[in-house]
Structure formats: structure tokens, C-alpha cells
Amino acid sequence: MKQATRAVGIAESAGDGESTLAAAVVRADRSVDGLEYGRCTVGGLDATDAACSLLSRLDRPDAQYVLLAGIAPAWFNLFDLHRVHEQADRPVVSVSFEASAGLDAALAREFDGDALAARRGIYERQPPREQVAVNGERVWVRAVGTDDPEPIVRGFTPEGGRPEPLRVARLAARAGRRFRADS
């Protein structure tokens, strides 16, 4: 991957009732090239809209990929990778960092009725997870807009197992949440 190739990483930091989202534009050589903040509701269904809004406000057609930290931020406020891909018009890769049997049992435990049906509908539309080994660690990815997400994940993960755009976005989201809490 060329050093100047850019990706947008989106991660969240949950607070009471509201989660801070951060989008970080990061080059493959680890240079941070832009930041933007947003919010979504803890336990809501607005994470996809919030991610799309972040991408729109960033307005970075030079970023070739979108990386999402997981699929269920802010207490099961699910990302719809297909909708983010439609908005972004570039490959979207969701990266999670823990092995899991899936969200079905957790969704059924936490929700019922229309809230459960809405989340299951989003979740069941998403592509299956694939395990990827990177720098001696394992991550699990779902991808829309590419048949081979492994080079994307590896190209933006110079060390450890967390792609740099997601690492930076996670740090920014935590700092943004703490700043808002103190204000």
C-alpha cells in the first residue's frame, strides 16, 4: 500500500445516554490528516446516520477506505455497513477485536419487540465476519465494497492488531467525550 493512501477510521466512546464518535483521516504512513466529531444515542438506532454525517462533513474523497470500530457501538446501536458504503462510495470495513459467537443472543437478552426486530434486521443484512491475522494478532472483519479486506487491514496496521485510523479515532473519541463531560 502506498504511504499516502488514506482511510477514515470511525470509533466511539460511550457516555451516559450519548456516545461521542470521532472520525480520523490517517495515511498508511501513520500521518493524521483530519478529524471530525459526532454523536449517537446509547442504545439507539442512529449510529449509521451519525457515521454518514461524519463522512459528509469530513468531505474527503481522497480517503480510499472507511474503517469502523466494530459493528455495535453505543450499546447495540448498530452500524449498517451497506448504508455507509452507499454514502461513502468506497470500501467499508468493520473491524472487531474479540472472538464472538455473534450478537443474536445478546440482542435477544437486551431487547424485545420492535427494538429487537429493528436491530436483528440491521444485523442480519451485514456480511459475515472473517478472521484476519495481522502482526501476530487476530481481528475479525466484515466488508462491503471489497472482496478482500485483508490488505486494507494489514496496510493500515503497522504494528499491533488495531488499524491506525481506528486507534487514532478511538483516542480522539475518548478525549472528546471527556471534554464534553467536563464542559
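Q: Is P61 buried or exposed?
A: This is a predicted model, where local features need pLDDT of at least 70, side-chain atom pairs count only at pLDDT 80 or more, and totals for chains, interfaces and linings use all residues. Residue numbers start from 1 along each chain as its sequence is written, and side-chain values use heavy atoms, with hydrogens and water left out. P61 sits in the loop between α1 and β4, where helices (H or I, at least four residues) and strands (E, at least two) are DSSP runs numbered from the N terminus. Buried means under 20% relative accessible area, exposed over 50% and partly exposed in between (1.4 Å probe, protein chains only), so at 68% relative accessibility P61 counts as exposed.

Q: How many Å apart in space are P61 and R90, C-alpha to C-alpha?
A: Along the sequence, P61 and R90 are 29 residues apart. In space, their C-alpha to C-alpha distance is 9.0 Å.

Q: What is the phi of D89?
A: D89 is placed in the loop between α3 and β5. At 67% relative accessibility, D89 counts as exposed. D89 is a residue other than glycine, yet its phi is positive, near 55°.

Q: Are α1 and α3 roughly parallel or roughly antiparallel to each other?
A: The axes of α1 (residues 47-58) and α3 (residues 81-88) come within 10 Å and cross at roughly 20°; axes are lines fitted to C-alpha atoms, for helices over the stretch in contact, and angles run from 0 to 180 degrees between N-to-C directions. Angles under 35 degrees count as roughly parallel, over 145 as roughly antiparallel, 65 to 115 as roughly perpendicular and the rest as oblique. That's why α1 and α3 are roughly parallel.

Q: Which residues of α3 meet α1?
A: Contact means heavy atoms within 4.5 Å. On the α1 side you'll find T48, D49, A51, C52, L55 and S56. Their partners in α3 are R83, V84, Q87 and A88.

Q: What covers the buried residues of α1?
A: The buried residues of α1 are A47, T48, A50, A51, C52, L54, L55 and L58. Their cover includes β1 (6-14), β2 (18-27), β3 (32-41), β4 (63-69), α2 (73-76) and α3.

Q: Which strands do the buried residues of α7 pack against?
A: Helix α7 covers residues 164-182. Its buried residues are E164, P165, L166, V168, A169, A172, A173 and G176. These pack against β1, β2, β3, β4 and β5 (92-96).

Q: Which residues does R138 touch, not counting those up to four places away in sequence?
A: R138 has its place in strand β7 (residues 137-144). With a relative accessible area of 48%, R138 is partly exposed. Leaving out residues up to four places away in sequence, R138 touches F97, Q131 and V132.

Notes. The expected span of a helix is 1.5 Å times one less than its number of residues.
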